[in-house]
Amino acid sequence: MLLVIDVGNTNTVLGVFERVAHRAGEDVTTETARYERLVANWRVGSHLNRTVDEYGVIFRNLFSMDNLEVSAVHGIVISSVVPPLDPVLRQVCERYFNTKPLFIEPGVKTGMQVLYDNPAEVGADRIVNGVAAFEKYGGPCVIVDFGTATTFDCISKKGEYMGGVICPGIGISADALFQRTARLPRVEIRKPTRMIGTNTVGSLQSGLYYGYLGLVDGILERLVDEMGEDTRVIATGGLGSLIGTASHFIKDVDEFLTLEGLRIIWDRNQSFRRDAAPKAAKAAAKPLDAGAKPWPRRSLLKRGERLEVRLQKLEPDGFTLQSDL
């Protein structure tokens, strides 16, 4: 099984993928079975004060609730926008799953060119979403991720990450309103039954919902004008279904888009490592060039002693060292 983890500022989402059988026409001797079936997913809070053991117990209990074996996890991939949690989760993976995780960071093979002025500034989750959206829906496309912040990520027709828009999430907007007003109560964020509120709660819900919907559609209208009418818009994130289903521009709501992106990037890096391994082994076994200088000889023996060393070739590409003193 493959464990994928998306660490956000508010929540951490986990998913478990199982392997599927080889497809028709694939070479079973060279192609490994892919992780494609999502069998479980969970959402927990992202708390900086939790210890390695606390996270480990939570993760193992989640597996137990769904009758999944922790020992069956053979790979872990993580995207994180909360750097202080990275070392904690790394230890959780190594201690409780006996697996070294793959973090989505510069140097990881994603298959997507980033056109940002400074590619290192792009959040890992935004790249992951872009990879998944282009793989599933093609380009050009815009991914609207409704999280702590709401991000609009633009992918070109060629599959390039062009950039996007970042604005406060609807939860942050609501919190600011409640904190700055003495008499307005905290209300549930949901679609009201009617636009015109007849009480304070209804008026607040109408303003939060339709006000934020107007923000989303206003940004999307301008993005589609710039990218072209054939641009496809996909929503994801915790509130993706709440806002996305009422938008004039959002046509698809994909709850597990980020988890799918992590799975896709994991597969791409495993194939990259498989391709690179024979090359590295071949380079290691390559004999010394005729013009290259040999290593300097240094004697560590006392005067009068003699050491005979023989190198015996092993198959396919190893050596064993034998010595007679």
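## A tour of helices, a buried arginine and the cysteines

Begin with helices α4 and α5, where α4 passes α5 in a right-handed crossing, a crossing being right-handed if the near helix is turned clockwise from the far one by less than a right angle, and left-handed if anticlockwise. Helices here are DSSP runs of H or I with at least four residues, numbered from the N terminus. Before going on, note that this is a predicted model, in which local features need pLDDT of at least 70 and side-chain atom pairs count only at pLDDT 80 or more, while totals for chains, interfaces and linings use all residues. Residues are numbered from 1 along each chain as its sequence is written, and side-chain values use heavy atoms, with hydrogens and water left out.

Select residues 170-180 for α4 and residues 200-227 for α5, and you will find the two packed at an angle of about 140 degrees with their axes 11 Å apart; the axes are lines fitted to C-alpha atoms over the stretch in contact, and the angles run from 0 to 180 degrees between N-to-C directions. Now show the side chains: Ile-170, Ser-173, Ala-174, Leu-177 and Phe-178 of α4 meet Leu-204, Leu-208 and Tyr-212 of α5, contact meaning heavy atoms within 4.5 Å. The residues of this contact divide into 7 nonpolar, 1 polar and no charged, where Ala, Val, Leu, Ile, Met, Phe, Trp, Tyr, Cys and Pro count as nonpolar, Asp, Glu, Lys and Arg as charged, and the others, Gly among them, as polar.

Next select Arg-126, which lies in helix α3, residues 124-137. Is Arg-126 buried or exposed? Arg-126 counts as buried because its relative accessibility is 5%, and buried means under 20% relative accessible area, exposed over 50% and partly exposed in between, with a 1.4 Å probe and protein chains only. Its side chain is joined to that of Tyr-161 by a polar contact of 3.0 Å, that is, a pair of N or O atoms within 3.5 Å, of which, within protein, one must be able to donate a hydrogen and the other to accept it, and residues adjacent in sequence count only if both atoms are side-chain atoms. Leaving aside neighbours within four places in sequence, Arg-126 is also in contact with residues including Tyr-116, Asp-153 and Ile-166.

Move on to Gly-261 in helix α7, residues 257-285, which is buried with a relative accessible area of 0%. Gly-261 touches Val-128 and Ala-132, not counting residues up to four places away in sequence.

Finish with Cys-141, which is buried at 0%.
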